Amino acid sequence: MTISLQGSRRTTQRPESAVIAETRTDTIFLFGVKIMLWVALILVAVPLIYIVANSFSSASAVSAGRVLLWPVEPSVQAYKVAFGDPQIMQGYLNSFIYAIGGTLISVTLTIAIAYPLSRRTFFGRNVIMSLLIFTMLFSGGLIPTYLVVQDLGMLNTRWAMVIPSAIGVWQVIIARTFFRSTIPDELYEAATIDGASDLRFLWSIVLPLSKPVIAVIALMYAIFQWNSYFDALVYLKDPSLYPLQIVLRNVLILNTVTGGSTTQNLAQQLEQQQLANVLKYALIVISSLPVLIIYPFVARHFTKGVMVGAVKG
Amino acid sequence: MSATLKPAAPPPAPVRREAVQPTPIPRPSRRTAARRSLRRHWQLYLLVVVPLAYFVIFKYIPIANAVIAFKNYTPVKGPWGSDWVGLRNFELFFANPVFWTLVKNTFILAAYTVLASFPIPIILAIALNEIRNGRFKKITQLVTYAPYFISTVVVVSMTILVLSPRLGFVNDAIGLFGVPAVDFLGNPDYFRHIYVWSDVWQTTGYSAVIYLAALAGIDPALHESATIDGATRLQRIWHVDLPGIMPTAVIILVLGVGNIMSIGFEKAFLLQNPLNLAQSEIIATYVYKTGLLNGDFSMATAIGLFNSVINLFLLVGVNFAAKRITGNGLRS
């Protein structure tokens, strides 16, 4: 990890360009590169801006397709409706519960297995590691897993959201690699001489030293949990347990195919339909907000995590 | 009091002598090593009990449960008590007219995804690497990386909204050229393009980060000497950067091809509608429908198993080929 960081710092200085002046072809080439990056930037950013702009526009402007990159007839009506909807708020709350609870469980279990696997004195670590990696390559499949969850009585409970996907092998690899490369054996020996047991050493020395990697895997689990919808689709039936992603799917996607309800008169229906349109944009923004707010701060750590894992794939 | 005394105190005399006296033999036998490790580090073994139980219960028992692929599963009798039917489920599946459609849809969709999402992050990473550090570089990286953190549900919703015939700006844009509005999601022929390019939109920035790190690891001396020898930027990319990121690229390609048949359920399922089913029905979505919606557990398991096995063979095969050709690949 440290090596790659040093590397990036080294290349950013680009000493060679200072020594030898850019040739004409290079200047043209660099210009082309910049244009390409602008195109990439615009292609990624425009849909995002478009969604945000629509979410802050009036229902009629959205339904007429008049909004492009700036809100038309600015309004926060859609947000008011969204935050006033009990189903959406329940979904939001549930997602928070699953994200926080799931992350706590996942991080605890991941460390509990990654730390012993990082220790040379732990007998059988290679066998256990192979067993874990095998599960990345081959799985029993959807139904056999479903049967296990069913037998454990977890169907339609909150546990089904956090337990069956509790440990990611990738995260175990990341944590193990970190422990192995940053906690020297000498430290353990010193602690043992001072009378520390294995657990005490883990708790008082390894964990405080491993805050960066714990943060990385916690964020990975939290974002994964926040964004996941498959487990909920398979294991949950009770709408009061639905995470936000399932609520979103019901509002955003199923609605686009089937169309809205038809119980009111025509004018109301039209208004309802228009509101439903702008509501979709607002929901997208609301649901992505928690992740996108923390994202700029965690992006760097995420990258590091990917790198640590990539060292020993 | 002292941890070095602790393991020595409880065991009987003969073992104690062994523990206290440093044995003259440099490597004790595996069994004694194991026993000693267990005694001294019992806390570590205690730690792994729960996580190991997790893997056994949620990963290995399902593999055992997959035996119902060869049975006629009934909930009353359970996975082990149900009657054997041999390969009947597989035969039925292979004989089903939907079989070839599923395999074809899955394979084409996955291959298209791998082919499209392999070169683009490399190009983005090299382009980012070429320009000097500055705000523009930082912003481009941050923005292109962002979609990776958005959920599949949201990405699919955005895709549907942006492509919508009435509301979306894509139809507005092509309308400017006099092209009539297109119902992209209602036409099966567009499904693959929508799937793949929305995927590229979402993951390119993330994948580029991996290549950027690989590029940063290239020895600057190589660039320096190439520049002194008169190499242009393009030549340096071709002869220094590309060979430098080759090992990373091969590993990513191997993983991509290896997972070709296990292409994600989530996105295909979300993009599906009755109109585009002809091309959007893939093995994963079919398994879900057969198993959980129609309740045919044995058949769904058989199809899933068929998929897993093919996948395993593909991964092993591609890895072997990549090792042979380029000398790079996954370990083991």
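**Helices and contacts in a predicted model**

Q: How far apart are the end C-alpha atoms of residues 44–70 of chain B?
A: This span is 81% helix and 0% strand (DSSP runs: H or I of at least four residues for helices, E of at least two for strands, numbered from the N terminus). Residues count from 1 along each chain as written, with chains lettered from A and ligands numbered from 1 in written order. The model is predicted, with local features needing pLDDT of at least 70, side-chain atom pairs pLDDT 80 or more, and totals for chains, interfaces and linings using all residues. The end C-alpha atoms lie apart by 40 Å.

Q: Which helix of chain A gives the largest share of the side that touches chain B?
A: Let's start with the whole meeting: 87 residues of chain A are in contact with 88 of chain B (C-beta atoms, placed from the backbone, within 7 Å). The largest share of chain A's side is 15 residues, and these come from helix H3 (residues 24–55) of chain A.

Q: Is H6(A) parallel or oblique to H10(A)?
A: Helix H6 (residues 86–118) of chain A and helix H10 (residues 169–182) of chain A have axes 8 Å apart (lines fitted to C-alpha atoms over the stretch in contact). Their angle is about 45°, taken between N-to-C directions on a scale from 0 to 180 degrees. Under 35 degrees is roughly parallel, over 145 roughly antiparallel, 65 to 115 roughly perpendicular and the rest oblique. So H6(A) is, relative to H10(A), oblique.

Q: Which residues of H10(A) meet H6(A)?
A: H6(A) brings residues including A:Thr110, A:Ile111 and A:Tyr115. From H10(A) come A:Gln171, A:Val172, A:Ala175, A:Arg176, A:Phe179 and A:Arg180.

How values were computed
Contact = placed C-beta atoms within 7 Å.
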